[in-house]
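Dear colleague,

I am handing over the structure we spoke about, which you will find just below. My notes on what was found in it follow after that.

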Amino acid sequence: MNLRKPIFTAWLIFLIVVNGLSSVEAANVDNKEPTPNSILAKQYPDTVFFSGPQNEKQIALTFDDGPDPRVTSDLLDVLKEEEVPATFFLLGARAKAYPDLVLRTHNEGHLIGNHGYWHNPIIQLSDQQATFEIEQTQQVIEQIIGVKTTLHRPPFGLLNEQKVEAIKELDYSIILWSVDTEDWKASPPDQIVETVLETVKPGSIILHHDGSNWDTDLTGTVTAVKKEIKELKKQGYTFVTVNDLLGLSE
Ligand code: NI
């Protein structure tokens, strides 16, 4: 009896099975390498946004990482006084802790977006974990204001194609920014204002923060925002929510 043929066949089957298993494994591996956002915005022009149209002097103020009782209510006072709508990208855990601030933000005409639950970098998570972060946050916010969130801002702004696809799958638009105030460094208000005035353009999406860890004082942001709004109004800018800037529906 010639054993070479069955041994060869068995070996071939073994190779096919092992190869099959490793390619299944490869498909499940999460790609954690970020893709530059400028490339993603070109690849996904209907999903990933840095800024709005430049033909009108409209801009959107955005605030991340709240709500935070040390900052958010003073900020809402300023926005109310100036009659300026803004967009707030909330963390699920903080929204759950401070529902009254979430409700006030919504009731005063601001748009609420989704910044994930724990501020984990989405890029470091599995697709399943990323979906959990966004959906848990959505649930918390919806329970408070009765409206589903449709905008996501990724913590740290890091993404790649795989994560964009996963977020798109949840029917979200991804909102980045074109003006970074770096106010999370607790910068002096004048420095924040200067950054905005130097870089603002029609269509700008301006990034601020109204929430942080216990060791960061963000009260400078409130002072800065008041000055910024007054100066930008003088320059003829009007303020709109991100949805209105980009022509997205809620
Ligand atoms: Ni953040």
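Phe88 has a relative accessibility of 0% and therefore counts as buried, the cut-off being under 20%. Please keep in mind throughout that this is a predicted model.

The partner of Phe88 is Phe63: the ring centres lie 5.2 Å apart with the planes at 25°, so the two rings are stacked. Because Phe63 belongs to strand β2 and Phe88 to strand β3 (residues 87-90), the pair ties together parts that are 25 residues apart in sequence. Phe63, likewise at 0% relative accessibility, counts as buried.

The structure holds 2 aromatic pairs, and Tyr117 with Trp118 is one of them, with centres 4.9 Å apart and planes at 75°, so that this pair is edge-to-face. Tyr117 counts as buried at 10% relative accessibility, whereas Trp118 is exposed, with a relative accessible area of 57%. Another ring, that of Tyr237, has Lys57 over its face, at 4.8 Å from the ring centre.

Turning to the metal, the nickel ion is coordinated by Asp65 through OD and by His115 and His119 through NE2, at 2.0 to 2.1 Å. Asp65 sits in the loop between β2 (58-64) and α3 (72-82), and His115 in the loop between β4 (111-114) and α6 (127-145), so this pair ties together parts that are 50 residues apart in sequence. Both Asp65 and His115 are buried.

Finally, the largest pocket holds about 430 Å³ of space, and among the residues closest to its centre are Asp65, His119 and Trp184. Its lining comprises 9 nonpolar, 8 polar and 5 charged residues.

With best wishes

Methods. Residues numbered from 1 in each chain as written. Predicted model: local features only at pLDDT ≥ 70, side-chain atom pairs only at ≥ 80, totals over all residues. Heavy atoms only, no water. Donors = N, O, S within 2.8 Å, 3.2 Å for Na, K, Ca; no water. Helix = DSSP H or I, 4+ residues; strand = E, 2+ residues; numbered from the N terminus. Buried < 20%, exposed > 50% of the residue type's maximum accessible area, 1.4 Å probe, protein only. 1 Å grid on protein atoms, 1.4 Å probe; cavity = no way out; pocket = protein on both sides within 12 Å on 5 of 7 lines; lining within 4 Å. Points joined across faces, edges and corners; volume = space filled by probe spheres on them. Nonpolar A, V, L, I, M, F, W, Y, C, P; charged D, E, K, R; others polar. Phe/Tyr/Trp six-rings, centres within 6.5 Å; stacked < 30°, edge-to-face > 60°. Lys NZ or Arg CZ within 6 Å of the ring centre and 35° of its normal.
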